Amino acid sequence: MKQKVVISLACVLIAIPFLPGCGGEKYADVEQASNQWVSAMEGYTTALDKAANAQDVAKATNQFADKMEKLTPTMQKLSDKYPELKNNQNPPEPLKKVQSRMEEAGKKMMASMMKAAPYMNDPEVQKAQQRLDSLKMD
């Protein structure tokens, strides 16, 4: 379970550098993708919080993986397009608000994953989690 939490947190941290706030035109594409990323995380958190059994957890995880499969290539392209946002320890002011939102969503997602922990030994949940874990940004 710890590994899955670490992997999920890594996904959150990978996305943070690409988060603009009210951004200008330069980062409009980043803003759109980032909002989709955060919304996906929030939806996953809500679904995990409502999960009553392993089937619900597997379904929520697969739905989140579906969204991440679509968003990951976009985030990778944005990473290549805006290398100045990589590993930015002091993001520009417009990025700070959305970065904060992403961090908060990440914390909530981790808490929800802990609530789903009792179902992690279920084969369908493990399969869904492996699918999610396989999504990587290069």
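Colleague: How many salt bridges does the structure hold?

Modeller: This is a predicted model, and the structure holds 5 salt bridges. One of them joins D29 to K81, with the closest N and O atoms 2.8 Å apart.

Colleague: With which residue does D66 form a salt bridge?

Modeller: The partner of D66 is R131, and their closest N and O atoms are 2.4 Å apart. This pair links distant parts of the chain, since D66 lies in helix α3 and R131 in helix α5 (residues 123-133), 65 residues apart. D66 is partly exposed, with a relative accessible area of 36%, and R131 is also partly exposed, at 24%.

Colleague: Let us turn to the helices. How does the reach of α2 from its first C-alpha to its last stand against the span expected at 1.5 Å a residue?

Modeller: Helix α2 has 23 residues and reaches 33 Å, close to the expected 33 Å.

Colleague: Which residues of α2 are buried?

Modeller: The buried residues of α2 are V30, A33, S34, W37, V38, A40, M41, Y44, T45 and L48. The general idea to bring to such a list is that an α-helix has 3.6 residues a turn, so residues three or four places apart point the same way.

Colleague: Where do the buried residues of α5 fall when seen down its axis?

Modeller: The residues concerned are V125, A128, Q129, L132 and D133. Seen down the axis of α5, they fall within an arc of 140 degrees, so they line one face of the helix. On the other side of α5, P123, K127 and Q130 are exposed.

Colleague: Which residue caps the N-terminal end of α5?

Modeller: The cap is D122, which places a side-chain oxygen 2.9 Å from the backbone nitrogen of E124.

Colleague: Which residues have the most contacts inside the largest nonpolar core?

Modeller: The general idea is that in soluble globular proteins, nonpolar side chains tend to be buried together. Here the largest nonpolar core has 32 residues, and those with the most contacts inside it are Y44, F64 and M68. The elements that give two or more residues to this core are α2, α3, α4 (93-115) and α5. Helix α3 gives the most, with 10 residues.

Colleague: With which residues is Y44 in contact, leaving aside its neighbours within four places in sequence?

Modeller: Beyond those neighbours, Y44 is in contact with A60, T61, F64, M109, M113, Q129 and L132. Of these, Q129 and L132 are among the buried residues of α5, and Y44 itself is one of the buried residues of α2.

Methods
Residues are numbered from 1 along each chain as its sequence is written. This is a predicted model: local features need pLDDT of at least 70, side-chain atom pairs count only at pLDDT 80 or more; totals for chains, interfaces and linings use all residues. Side-chain values use heavy atoms; hydrogens and water are left out. A salt bridge is a side-chain nitrogen of Lys or Arg within 4 Å of a carboxyl oxygen of Asp or Glu. Helices (H or I, at least four residues) and strands (E, at least two) are DSSP runs, numbered from the N terminus. Buried means under 20% relative accessible area, exposed over 50%, partly exposed in between (1.4 Å probe, protein chains only). The expected span of a helix is 1.5 Å times one less than its number of residues. A nonpolar core is a set of buried Ala, Val, Leu, Ile, Met, Phe, Trp, Tyr and Cys residues joined through side-chain atoms within 4.5 Å. Contact means heavy atoms within 4.5 Å. The arc is that of the directions from the helix axis to the C-beta atoms. A polar contact is a pair of N or O atoms within 3.5 Å; within protein, one must be able to donate a hydrogen and the other to accept it, and residues adjacent in sequence count only if both atoms are side-chain atoms.
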